[in-house]
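Here are my notes on the model you sent. Please keep the sequence and the 3D view open while you read.

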Amino acid sequence: MEPISSFLKQPWQSAMCLSKTHRWQEMKELNAAKVDAFLTEEDESLKESMQMGSVTRKYLIFITDNLKLGVDAEYVVEILNDHYAAYLPMTPDYIRGIFNMRGQIIPVLDIRLRLGKPANDEDTLLVVLNFDNTQVGILVDAVDQMIEIPTENILPMPSQSTQRLVSGMCTIPDGTGTMLVLDCEQLLSYE
């Protein structure tokens, strides 16, 4: 086998290859600087929190009976405003029926009834969740926002609380209220 240097016919060609490598490295650094220049304030805060070691999670906040409930955004599949739930007999009152979403049958539950509140027969949204490979739709009054919250800001529920559907709570960073973290595993458990 011939050494690599034998492929270079002129001595200046090896310097040119080194020059190209150096220029390539400079271009990578320049592009990284350009990306930093176009970061939004939200991206900057995320970058700062990553550098400080804090972990954040995205939550979808929805409103039901003037309560702000949050669910981990990883569980959210879809939000539908046009839905029909077929009634199922002999089910708990909070199960409003089943919904056919592209051939998959999904149970629909009314989060108001599940929380012990009165039913709302006005326009509702259906938030489809997927947790532990189980899909479920929950009826909510409105969707408020998607927000990133540092995990250390989420406090556990008080020990005297009998509410099993809520696993934590926190103040929403923009100051619009308190979010209760919905415990998805408890949604379908029958009491």
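The numbered points below go from the overall build to single residues.

1. **Ground rules.** This is a predicted model, in which local features need pLDDT of at least 70, side-chain atom pairs count only at pLDDT 80 or more, and totals for chains, interfaces and linings use all residues. Residues are numbered from 1 along each chain as its sequence is written, and side-chain values use heavy atoms, with hydrogens and water left out.

2. **Overall build.** The protein has 3 helices and 11 strands. Helices (H or I, at least four residues) and strands (E, at least two) are DSSP runs, numbered from the N terminus. The order from the N terminus is α-α-β-β-β-β-β-α-β-β-β-β-β-β. Of the 191 residues, 29% are buried. Buried means under 20% relative accessible area, exposed over 50%, and partly exposed in between (1.4 Å probe, protein chains only). Take the contacts with a separation of 6 or more: 54% of them are between residues 24 or more positions apart. Contact here means heavy atoms within 4.5 Å.

3. **The core.** The largest nonpolar core has 22 residues. Such a core is a set of buried Ala, Val, Leu, Ile, Met, Phe, Trp, Tyr and Cys residues joined through side-chain atoms within 4.5 Å. Leu109, Ile111, Leu129, Ile138 and Leu187 have the most contacts inside this core. Strands S1 (56-64), S2 (67-72), S6 (125-131), S7 (134-140) and S11 (178-182) each give two or more residues to the core. The largest share, 4 residues, comes from S6.

4. **Leu129.** Which residues does Leu129 touch, leaving aside its neighbours within four places in sequence? They are Val71, Tyr75, Val76, Val77, Thr134, Gln135, Val136, Ile138, Cys184 and Leu187.

5. **Asp72.** This residue is in strand S2. Is Asp72 buried or exposed? Asp72 is buried, at 12% relative accessible area. Its side chain makes a polar contact of 2.4 Å with the side chain of Arg57. A polar contact is a pair of N or O atoms within 3.5 Å; within protein, one must be able to donate a hydrogen and the other to accept it, and residues adjacent in sequence count only if both atoms are side-chain atoms. Beyond four places in sequence, Asp72 is in contact with Arg57, Lys58 and Tyr59.

6. Most residues other than glycine have a negative phi. Asp65 has a positive phi, near 50°. Asn66 has a positive phi too, about 65°. Asp65 is partly exposed at 26% relative accessibility, while Asn66 is exposed at 74%.

7. **Val55.** This residue lies in the loop between helix H2 (41-52) and S1. Val55 is partly exposed, at 48% relative accessibility. Val55 and Thr151 are 96 residues apart in sequence, but 6.0 Å apart from C-alpha to C-alpha. Outside four places in sequence, Val55 is in contact with Ile149, Pro150, Thr151 and Glu152.

8. **Thr176.** Look in the loop between strand S10 (166-171) and S11. Thr176 is partly exposed, at 43% relative accessibility. Its side chain makes a polar contact of 3.4 Å with the side chain of Lys68. The side chains of Thr176 and Asp174 are joined by a polar contact of 2.8 Å.

9. The largest pocket has a volume of about 240 Å³. On a 1 Å grid over the protein atoms alone, a pocket is an open set of points with protein on both sides within 12 Å along at least five of seven lines; a cavity is a set where a 1.4 Å probe fits but cannot get out; lining residues have an atom within 4 Å of a point. Grid points are joined across faces, edges and corners, and a volume is the space filled by probe spheres set on the points. The pocket lining includes His83, Tyr84, Arg96 and Glu122.

10. **The cavity.** There is 1 cavity of 30 Å³ or more. The largest cavity holds about 40 Å³ of space. Its lining is Arg96, Asp110, Arg112, Asn120, Thr124, Leu139, Val140 and Asp141.
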